[in-house]
Amino acid sequence: MLPTRRRKPVKPATVSGWRHALDKWVLPTLGDMPLSDVSNAALKLLVEEMAAGGLAAKTIVSYSLVAKLVVASAVDSNGDEVYPRKWNHDFVGMPIVQSAKQPRPAFNETEVSAIIAKTLPRYAPLFALLAGTGLRIGEALALKRGDLSPDCRVLSVQRSIWHGREQEPKTPAAIRMIDIPESLAAVLLEYVADKTGYLFTTRNGSRPLAQRNVHRALHDTGAKAGFHAFRRFRTQELRRARVPEDLIGFWLGHARRTVTDLYAAGLQHDVAWRRKWCERAGLGFGLRWATKVVAIDSQQAA
């Protein structure tokens with residue numbers, strides 16, 4: 001018997017985004033139309049409604065894709081689309097997303113240090129870890145004590161959290177090891193001393209922190225950007241230190257793009273090489289919370 005091909009399940013966060021697009025825009029605009037009538041003219045109407053609603057170009061493109069997926073989902077007994085479409089983006093007025101003009105805020109050294117100093121002590125280790133490793137927020141909230149090496153010099157990303165529920169990381173490449181500079185590891189070692197489950201939990205320790213609460217704590221410090229600004233900060237620090245791109249991609253959990261990347265994949269197992277570059281890059285910010293103060297140079301080794 002031939003093996004059954006199974007598609008990878010769609011992540012809950014993606015489903016939630018699709019549901020929002022349907023409920024807020026697609027169904028109110030096109031919901032009364034038969035699928036057979038959802039053509040370029042209908043898509044043009046949807047695009048115009050979203051543009052009038054002030055949605056950004058990238059959001060309009062993403063939400064329009066949901067409408068296209070609904071039409072394409074109707075298939076016959078042979079698996080062929082019942083209503084095949086050749087979408088005409090010029091006709092529908094689909095906006096062009098210019099990557100160079102997309103806002104990509106990044107914190108700088110002063111901002112990171114200020115955030116850590118101003119926030120409540122229970123959030124400071126989390127923000128320091130985000131800035132010092134480039135972790136995605138869902139990956140950080142899913143960390144457990146067993147994901148850190150005994151000396152807190154290496155962490156293992158095995159899972160993510162979305163709306164309080166564990167799920168697989170964003171991509172296969174997101175399952176990885178991340179080296180932590182010694183300065184941050186020393187502070188984390190003290191923080192996790194009494195931890196057994198999740199590292200960052202509610203006050204009673206029963207559940208991982210909710211992302212919305214962490215977001216509120218971040219903005220209470222006066223920060224003008226979101227969690228991804230920590231990730232961009234870390235990327236910039238690694239490039240300032242001229243860390244090899246292979247290693248930057250590995251630590252950040254980016255997929256390999258070329259055959260050369262695949263050939264060099266074995267480098268990730270060279271722990272001494274990783275450690276050397278980790279310490280050379282350092283953190284690029286100071287740590288200050290509660291009574292502990294740790295000053296850290298941007299580049300700790302030449």
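This is a predicted model: local features need pLDDT of at least 70, side-chain atom pairs count only at pLDDT 80 or more; totals for chains, interfaces and linings use all residues.

Colleague: Thanks! What joins the side chains of Arg274 and Asp179?

Modeller: That is a polar contact of 2.7 Å between the two side chains.

Colleague: And is Arg274 buried or exposed?

Modeller: Arg274 has 6% relative accessibility, so it counts as buried. Its place is in helix H13, which runs over residues 271–281.

Colleague: Let's switch to rings. How many aromatic pairs does the structure hold?

Modeller: There are five aromatic pairs. One of them is Phe127 with Phe230: the ring centres are 5.7 Å apart and the planes are at 20°, so this pair is stacked.

Colleague: Where in the chain do those two sit?

Modeller: Phe127 is in helix H6 (residues 124–133) and Phe230 is in helix H10 (residues 228–240).

Colleague: What about Tyr191 and Phe200, how are their rings arranged?

Modeller: Their centres are 5.6 Å apart with the planes at 20°, so that pair is stacked as well. Phe200 counts as buried at 1% relative accessibility. Tyr191 has 18%, and since the limit for buried is under 20%, Tyr191 also counts as buried.

Colleague: Which residues form an aromatic cluster?

Modeller: Phe107, Tyr123, Phe127 and Phe230 form one cluster.

Colleague: Nice. Which residue lies over the face of Trp277?

Modeller: That is Arg280, at 4.5 Å from the ring centre of Trp277.

Colleague: Now helices. What span should helix H2 have, and what do its end C-alpha atoms give?

Modeller: H2 has 13 residues, 40–52, and at 1.5 Å a residue they should span 18 Å. The end C-alpha atoms are 18 Å apart, which agrees.

Colleague: Which residues of H2 are buried?

Modeller: Asn40, Ala42, Leu43, Leu46, Val47 and Met50. They cover an arc of only 155° around the axis, which puts them on the same side of H2.

Colleague: What covers them?

Modeller: The cover includes helix H1 (12–30), helix H3 (57–72) and helix H4 (89–92). Beyond the end, H2 is followed by Gly54, whose phi is positive, near 85°.

Colleague: Speaking of positive phi, which value does Cys152 have?

Modeller: Its phi is near 60°, which is positive in a residue other than glycine. Cys152 is in the loop between helix H7 (137–141) and strand E1 (154–157). With a relative accessible area of 0%, Cys152 is buried.

Colleague: And Arg242, what is its phi, and where does it lie?

Modeller: Arg242 is not a glycine either, yet it has a positive phi of about 60°. It lies in the loop between H10 and helix H11 (245–252).

Colleague: One last thing: is Arg242 buried or exposed?

Modeller: Arg242 counts as exposed, at 69% relative accessibility, whereas Cys152 is buried.

Note on methods. Residues are numbered from 1 along each chain as its sequence is written. Side-chain values use heavy atoms; hydrogens and water are left out. Helices (H or I, at least four residues) and strands (E, at least two) are DSSP runs, numbered from the N terminus. The expected span of a helix is 1.5 Å times one less than its number of residues. Buried means under 20% relative accessible area, exposed over 50%, partly exposed in between (1.4 Å probe, protein chains only). The arc is that of the directions from the helix axis to the C-beta atoms. Contact means heavy atoms within 4.5 Å. Rings of Phe, Tyr and Trp (its six-membered ring) pair if their centres lie within 6.5 Å; planes under 30 degrees apart count as stacked, over 60 as edge-to-face and the rest as tilted. A charge sits over a ring if NZ of Lys or CZ of Arg is within 6 Å of the ring centre and within 35 degrees of the ring normal. A polar contact is a pair of N or O atoms within 3.5 Å; within protein, one must be able to donate a hydrogen and the other to accept it, and residues adjacent in sequence count only if both atoms are side-chain atoms.
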